[in-house]
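Hi,

Here is the structure I promised to pass on.

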Amino acid sequence: MALFITGGAGFIGSAFIRTWIERYPAETVINFDKLTYAGNLDNVAEAARHPTYRFIHGDICDAEALRAAIPDGCDAIVHFAAESHVDRSILSAREFILTNVLGTQVLLDVAREKGVRRFLHISTDEVGGSLPEGRFFREDDPLVPSSPYAASKAAAEHLVRAAAHTFGLDAVITRTSNNYGPYQFPEKLIPLALTNALENRPIPVYGDGQQVRDWIHVDDNCAALRVVLEKGQPGATYHIGGRSPLPNRTVLLTLLDLLGKPASLLTEVADRLGHDRRYAVDCSRIERELGWRPQIPFVEGLAQTIAWYREHPTWVARARSGEYRQYYARMYGAL
Ligand code: NAD
Ligand code: DAU
């Protein structure tokens, strides 16, 4: 299978590439990434040594660059590329609309032109909005996103479904809950808290810290994505959840406990604007129809993640300082 991955230098895309190459070393993998602040080629350094892997620096809003990069006979596009951080979308939504909405449409158009056989679109549980206790977001529920990020991801999904309906594109959508694991940029809750705690720095808790997220290890998510890519029904949407719904404060106290650090590092700060209280995906469809289930218990996955960050201080320092960007600017021109 020849795979074209967008956003493969980011957190989940790079994990997908690593785990795909491990299983299918003979298959072509092209990683097309703009290398924004979140794109870090350190994340795919091992894959880069592999003969069937190729990196192409480019923007999904650029149709010409996509035409040149997507090979004839491409079996599938796995579309991870996005602006992904909610707080940044609250500060400015512009890049979210450009990449997540316009970029997705440009990619869909070129995928069709090129006759790509399957389009796997990576979406998020956030498109279902905040849910009251006891309710779960199902695949056929209406989309009610609340942040600019979630709204841009909902718009992207509509465009993918429109391409499937209007042009018969074989598109599949996944909506995943909160991922954690190695190589996650330290702006998201777990890597931010972890790297701060390792240096005994305060950990910001937005509002009362009782917001609930369903945590899934990135390797479990990648296993689900492989199953959907290979066996998902054309036009279908699959929810992928970790079955680990936890309030933020509980996540942070568990993290501090595993690290042997005091709870006094938790520091309540002003709440995120429009903060969604609870996400909860019903992931019974993928379990029932495709036989996938999350395998990594949260505390085990968190302990493994802590070990990885402890063992990779250079990755953390380069990610935090933005040093990796200066290096890649020399290789690929101004970023
Ligand atoms: P990330 O921010 O770590 O990585 C995004 C990648 O996309 C980066 O490598 C970046 O350089 C690249 N990119 C951004 N704009 C681009 C453009 N215009 N053209 C080409 N490349 C571009 O994101 P992530 O956490 O790995 O998330 C990957 C996908 O999964 C996103 O679509 C996100 O919405 C979705 N998702 C993430 C989570 C999560 O918990 N992280 C959960 C559900 C869904
Ligand atoms: O649910 C899936 C989504 O999960 C993905 O679509 C997004 O790309 C991903 O960023 C993530 O969004 P969240 O907003 O849930 O993740 P974040 O790590 O930013 O925050 C998790 C929770 O922790 C949220 O309730 C806000 C809170 N938080 C976050 C940070 C960064 C804090 O309390 N303090 C913090 O410093």
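Salt bridges first: there are 25 of them in this structure, which is a predicted model.

One joins the side chains of Asp75 and Arg117, with 2.8 Å from N to O. Both partners sit in loops: Asp75 is in the one between α3 (63–69) and β4 (76–79), and Arg117 in the one between α5 (94–113) and β5 (118–124), so this pair ties together parts that are 42 residues apart in sequence.

The next residue along, Arg118, has a salt bridge as well: its partner is Asp170, and their closest N and O atoms are 3.1 Å apart. Arg118 belongs to strand β5, while Asp170 is found in the loop between α6 (148–167) and β6 (171–176), so here the parts being tied together are 52 residues apart in sequence. As for how covered the two ends are, Arg118 counts as buried at 10% relative accessibility, whereas Asp170 is partly exposed at 21%.

Asp140 is exposed, with a relative accessible area of 61%, and Arg138 is partly exposed at 41%. Elsewhere, Lys34, Asp59 and Glu95 are joined into one network by salt bridges that share partners.

Now for the ligand. How many residues surround ligand 1? The count is 28, and the closest are Ile12, Asp33, Ser84, Tyr149 and Lys153.

- Asp33 places a polar side-chain atom 2.6 Å from an oxygen atom of ligand 1.
- Gly10 uses its backbone instead, with an N or O atom 2.9 Å from an oxygen atom of ligand 1.
- Thr99 has a polar side-chain atom 2.9 Å from a nitrogen atom of ligand 1.

Taken alone, ligand 1 exposes 840 Å², and the protein buries 97% of that. The space that ligand 1 takes up is also the largest cavity.

Which elements give two or more residues to the shell around ligand 1? They are α1 (11–23), β5, α6 and β7 (178–180). The most comes from β5, with three residues.

Cheers

Key. Residues are numbered from 1 along each chain as its sequence is written. Chains are lettered from A and ligands numbered from 1 in the order in which they are written. This is a predicted model: local features need pLDDT of at least 70, side-chain atom pairs count only at pLDDT 80 or more; totals for chains, interfaces and linings use all residues. Side-chain values use heavy atoms; hydrogens and water are left out. A salt bridge is a side-chain nitrogen of Lys or Arg within 4 Å of a carboxyl oxygen of Asp or Glu. Helices (H or I, at least four residues) and strands (E, at least two) are DSSP runs, numbered from the N terminus. Buried means under 20% relative accessible area, exposed over 50%, partly exposed in between (1.4 Å probe, protein chains only). A residue is near a molecule or strand if one of its heavy atoms lies within 4 Å of it. A polar contact is a pair of N or O atoms within 3.5 Å; within protein, one must be able to donate a hydrogen and the other to accept it, and residues adjacent in sequence count only if both atoms are side-chain atoms. Accessible areas come from the Shrake-Rupley method with a 1.4 Å probe; for residues, only the protein chains shown count as cover. On a 1 Å grid over the protein atoms alone, a cavity is a set of points where a 1.4 Å probe fits but cannot get out, and a pocket is an open set with protein on both sides within 12 Å along at least five of seven lines; lining residues have an atom within 4 Å of a point. A molecule sits in a cavity or pocket if more than half of its atoms lie within 2 Å of its grid points.
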